[in-house]
Amino acid sequence: MTPQQLVELGAVIQQVGGFLTRTIATLSTGQCGEVDLIRSFLPPGPIVYVDVGAGEPDSCSNTWAFYQEGGCGLLIEPLPTFWYRLLRLRPNDCLLPIAASNVKGVARMRVSGPCSSLRLD
């Protein structure tokens with residue numbers, strides 16, 4: 001690379017770096033930015049929540065930001081792979097290791113990686 005190309009590349013890296021810093025600083029937790037939307041409907045201060053399908057306790061969590069702000073709640077998670085981290089990182093929450101459905105009875109749970117769904121029998 002020529003010295004001029006290096007200068008131009010450095011300028012591009014600085015621009016991208018500045019964009020990434022601003023973007024990361026404004027990211028909310030949640031899978032698709034739900035935390036900011038939910039927060040807009042709630043009064044300020046710690047809240048109590050129910051997280052059905054809690055999954056990861058911090059990354060992609062719709063309640064992690066509220067937990068960090070002093071909130072607490074009920075975490076419903078049927079997959080054992082998540083239980084240890086939920087209990088370790090969220091000691092003020094209560095974990096229910098069950099599945100939830102709007103229908104009474106027995107259901108078969110389908111699991112695909114970190115995702116699960118119920119199929120009524």
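This is a predicted model: local features need pLDDT of at least 70, side-chain atom pairs count only at pLDDT 80 or more; totals for chains, interfaces and linings use all residues.
Strand β1 (residues 48-52) pairs with strand β2 (residues 72-76) in the parallel sense, over 5 bridges. Within this pairing, V50 has L74 of β2 as its bridge partner. On β2 there is also a parallel pairing with strand β3 (residues 94-96), over 3 bridges.

**E77**

E77 sits in the loop between β2 and α4. Is E77 buried or exposed? Its relative accessible area is 3%, under the 20% cut-off, so E77 counts as buried. Beyond its neighbours within four places in sequence, E77 contacts G53, A54, G55, F82, W83, L86, L95, L96, P97 and I98. P97 is 20 residues from E77 in sequence, yet the C-alpha atoms are 5.2 Å apart.

**Salt bridges**

The model has 5 salt bridges. Three of them are tabulated here.

| Side-chain pair | N to O distance |
|---|---|
| D36 and R39 | 3.5 Å |
| D58 and R85 | 3.3 Å |
| R90 and D93 | 2.9 Å |

D36 and R39 both belong to helix α2, 3 residues apart, about one turn of the helix. D36 is partly exposed at 41% relative accessibility. R39 is partly exposed too, at 31%.

D58 is partly exposed, with a relative accessible area of 22%. R85 is partly exposed at 29%.

In the salt bridge between R90 and D93, both residues are buried.

**Surface patch**

Which residues form a nonpolar patch on the surface? They are L37, I38, F41 and L42, with about 400 Å² of accessible area together. I38 lies in helix α2 (residues 34-41). The relative accessibility of I38 is 32%, so I38 counts as partly exposed. Helix α2 also holds the D36 and R39 pair.

Technical notes
Residues are numbered from 1 along each chain as its sequence is written. Side-chain values use heavy atoms; hydrogens and water are left out. Patches are made of residues with over 30% relative accessible area and no salt bridge: like charges are joined within 9 Å, nonpolar side chains (Val, Leu, Ile, Met, Phe, Trp, Tyr) within 5 Å. Accessible areas come from the Shrake-Rupley method with a 1.4 Å probe; for residues, only the protein chains shown count as cover. A salt bridge is a side-chain nitrogen of Lys or Arg within 4 Å of a carboxyl oxygen of Asp or Glu. Helices (H or I, at least four residues) and strands (E, at least two) are DSSP runs, numbered from the N terminus. Buried means under 20% relative accessible area, exposed over 50%, partly exposed in between (1.4 Å probe, protein chains only). Two strands pair if DSSP finds at least two bridges between them. Contact means heavy atoms within 4.5 Å.
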